[in-house]
Amino acid sequence: MRRSRRLELLRSLATSGGCYVGLDDGTSSPAAEGADGGQASDAGDGGSGSGGGESGVGADCDSDGAPRIWRLSPQQYDQTVAWLFRFDAGTTWTEEFPQDPEGFYFKNNSDAMKVSSVLALQLSRAAEDIVETVFTNPTEHLAHLSPCEAADLAADAPPAECIDGFIEATGLRLFRRPLTAEEVSRYRAIVDAATTGGRGVELATEAMLQSPHFLYRTELLTQGELTSYEKVSLLALTVWDVGPDDELLALAEQGIATDDEADLVEKVLADPRAEGAYARFFVDWLDMDGVASVDKSNDPRYTPELVQAMAQEANDYIGFIMKEGDGTQASVFSSTQTIHNPALDAIYGPAVAGPDGVRQLPPTERAGLLTLPAWLALYSDPKPTPIVRGHEVRQRLFCQPMPPIPPGLPTPQVPDPVPGETERERFARHATDPVCAGCHKLMDPIGFLFSNYDALGAYITEEQGQPIDSSGSIAGTNTLDGDYANAVEMLTRVAESDELTACLPQQMYKFVYGQPVDVREDVCGLGVSSDAYAAANGDVRLLFRTMLHRRLATVL
Amino acid sequence: MRPRLLVTDRRKFLGFLSGTSLMFLPALRALRAEGVQDLPKRLFILVQSNGGIVDAFSPSGSRLDFQLSNTLAPLEPYKDKCSFFDGLFVADGEMYGQIHLRQLHGVLTGQQLQNLEANEGLDFYPLGPSIDQVVAEKLEAKPLSLSARNHSITYNLVSWKSGNNVPIVPLNPVQGFDYAFGDVSDLGQVPAAQQAEYLERLRAEKRSVLDALYGEFESIRPQLSAAERSKLELHMEGVREIERSLDDLTVPECTLPIRDDLDVSGLNANTTANLDLIFHAMQCGLSNVATLLPVGAGDWGPVFSFLGAADSNHEMSHRTKPEHYDQQVAVQTWYMERFAYFINKLASTPEGNGTMLDNTICLYTTEMGDGDPHNVTDLQTVLCGNIDGYFKTGQYLTMNASNTGVLSAIADAFGIATPFGDPSFAVGPFSELRA
């Protein structure tokens, strides 16, 4: 049942384009597509229902995966280099790397993370910088990688066995697997060609830092299966955001059988380095780190520290729910407990922090992640923007992409704001003009529910001297349609809704796989995770665990 | 956090680097065989985002007898070297749906846009490359694509490479410096007597690293599907570009900026730094094509606070407050001053029998007309300079046509087939522009 509803939703979002055409409620809104979904779900269930049918979408589930490469993110690059060469946490070499385009909301989309000629050049410069720093102080940075005295590595003529040992030790940790004999001799050749042995070791390190074997997570597979090294790399990079440590590499060397995978997933998740994973997922999904670079210097409360504190709060909030709380989507999207941060008193008011730094927020004013200032301030440019807030809820929480503004639409004529007029009044035409209403009725009324939050996310009850009307509504969904008094009421419902329960696994799939979901993947890979997730009342930790396990077993 | 290294520290192995600043250097280029030197051909594009205010921009008068508006006043000294346009539109603008980023994607490509499988983040791609990239390919030049800011790149893409839908992510001035000068600036700091030795050693070392990398790429490549392989091949192309720039490395007969002296203290300073480095890169023959988009469209924050603006440029362009009109005019005047600043540098630098301006065509354009209704019509467009005397200048042209007529004229001047853009609607070079 769950699956057919999910497929229905999936199909409804795939066909929701054209909502603007609909001048009435019936013909082409996502609601109509959803209601029409019986047929679609029949087709979708064909694969699983026909028991391995050849034509169904389920038929390919056992097929071998295809080799793929997935570039490390700048954070993964920095953190792996810092771990390998013992730099302080937070040392970065990637500041001048060009930003990666976002793909399907996530910054870790494997198709978007390409190496342009500009990035290739910056990778080369970063490698030079790292090598120079490391070899300036070899005792500090290289002792653990060198079979001889680290200082000897930088000498004119290091002993041959010392060079090979260093290349093998460094290569193992950068490539996340032992070097082949061919690779060792390739790096050895660099050393031999250099003016001195010491300089040669530097150049070999420079080359390893630019090798595709380091820069890409390579899932080249053996007989269609991930190798043991690929398994530990996948887990470490996905969960810890850094390459596998020596312990995982040693496990991989022993070989990781299918029966060992569950234990391995538990081990990786139990590690303190796993704590940041959930925050990375939610923050990336909802783009909440973007708030840290928002410039609102036209607001007297604004400081760069304030918006950074907002971003930090979002991380702490998720971390707290996943570590100390019940880890459910319901908590994430409706909790009123956050981690106290004095910098945010400017938004929340004077602090009333409890033990462990937990701050109880007024339950009438806040409900979950979307009432944190990080989200509210992000979608206010520079004023609260009901259209955008509604648009984001619909797209990111309900997985219902809105179509772009249609071609041929007459020039939008949103009237200039009149002093004393509210945003709600300003956008009234969106509801009355049938050309606008088809789409905007799906966005604006959700956005209006957030009227109680100002441009920095403070709770307000008056605008232009008038009490705020924060009412709104949801339309075009399966279970959430109706009127709501405010965001708190709406989010409390959304937090436990089928819409979110169906959407969140799709989003996590993108985070874990670095790819968008297609129907085949939904049935083969996501389906199992998603069903378990719904059955466990939306426990995000369980979903993550199931999906990682699934990811090891199935290469899609 | 990054332990930032001085450029002068980068190659400590040489030991003999001087810490002195630059830089009039004897050119290795002089050692090259003397040959008939054609004058270079160059393209510079400045894009103003968020549209402008049409009334404040338009000149008045007739085609050959006209007066510049106050906004255009910074170009007064170069009036006879420029053509000023009214009434251009983003080609087939209707499909662009009056959205900033899509108009940015269209204004230099003249292409239809393709929705890539509802990829919410990447939105729409143009179906073909932008004029700057095509000209760079024709000239075998390294194109610079710069911005004064680092922010959401989705709203910041105006240049598109041929072939594989790859957007060119604009670089901030520091990244731009590395890309434009990189090893050249290091070489410039080596005492003249030791440059040959330095260069020989640099090439040998880099080549041994690059050779190893090619080996690594080849060990992965055959195992990948076509789609995955294309990612790797793009990367390999970037590595080959490093190698080529190594081959071309000579000390330019020109002044280079110094990386650590770059003033990147804000939008105004960054834009000047961008323009300076574009100028130097062009003067030094390191790049012949550059595009500058100082501010992305639909921006956040009061980026023009140095002009007294308290709101974001995007909000100002919608004129939500009475003071926004004047502020938006000030913004547009600032853009024009920056454009004139660059033109002035070209015009004051002798080259051949004239100046660099005679060998550089400079396009200024907005991505939309009036920024408030997001009009695709009435782009504010100026074309200054020349290429081999191709362009007729000193005119005010009131058109009602796609801006592909301008893009096509630029393409034509560089010997590229026209019409430029989607053949279903792109037009050929405007005859009015032909000298």
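A:Cys148 and A:Cys162 pair up as a disulfide, with 1.8 Å between their sulfur atoms. Keep in mind that this is a predicted model, so every value here is computed rather than read off an experiment. The torsion about the S-S bond of this pair comes out at about -50 degrees, so the disulfide is left-handed.

Where do A:Cys148 and A:Cys162 lie? A:Cys148 is in the loop between helix H6 (138-142) and helix H7 (150-153) of chain A, while A:Cys162 belongs to helix H8 (residues 160-175) of chain A, so the bond ties together parts that are 14 residues apart in sequence. Both A:Cys148 and A:Cys162 are buried.

Over all chains, the structure holds three disulfides. Another one of them joins A:Cys399 to A:Cys503, at 2.0 Å from S to S. This link is right-handed, with 80 degrees about the S-S bond.

A:Cys399 sits in the loop between helix H20 (386-398) and helix H21 (423-426) of chain A, and A:Cys503 sits in helix H26 (residues 498-513) of chain A, so this pair ties together parts 104 residues apart in sequence. Once again the cysteines are tucked away: A:Cys399 is buried, and A:Cys503 is buried too.

Over in chain B, a disulfide joins B:Cys82 to B:Cys384, with an S to S distance of 2.1 Å. The torsion about its S-S bond is about 105 degrees, so this disulfide is right-handed. It links distant parts of the chain: B:Cys82 is in strand S4 (residues 82-89) of chain B and B:Cys384 is in strand S12 (residues 379-385) of chain B, 302 residues apart. B:Cys82 has a relative accessible area of 0%, so it counts as buried, and B:Cys384 is buried as well, at 0% relative accessibility.

B:Cys362 is itself buried, at 0% relative accessibility.

## The nonpolar cores

The largest nonpolar core has 125 residues, and those with the most contacts inside it are A:Tyr77, A:Phe85, B:Phe44, B:Phe339 and B:Val382. Helix H5 (residues 117-136) of chain A supplies the largest share of this core, eleven residues. Apart from it there is another core, of 92 residues, including A:Leu370, A:Ala374, A:Tyr513 and A:Val540.

## Chain A as a whole

How many helices and strands are there in chain A? The count is 28 helices and eight strands. Of the 556 residues in chain A, 61% are buried.

Among chain A contacts between residues at least 6 apart in sequence, 68% join residues at least 24 apart.

Definitions and conventions:
Residues numbered from 1 in each chain as written. Chains lettered and ligands numbered in written order. Predicted model: local features only at pLDDT ≥ 70, side-chain atom pairs only at ≥ 80, totals over all residues. Heavy atoms only, no water. Helix = DSSP H or I, 4+ residues; strand = E, 2+ residues; numbered from the N terminus. Buried < 20%, exposed > 50% of the residue type's maximum accessible area, 1.4 Å probe, protein only. Contact = heavy atoms within 4.5 Å. Core = buried A, V, L, I, M, F, W, Y, C linked by side-chain atoms within 4.5 Å. Disulfide = S-S within 2.5 Å.
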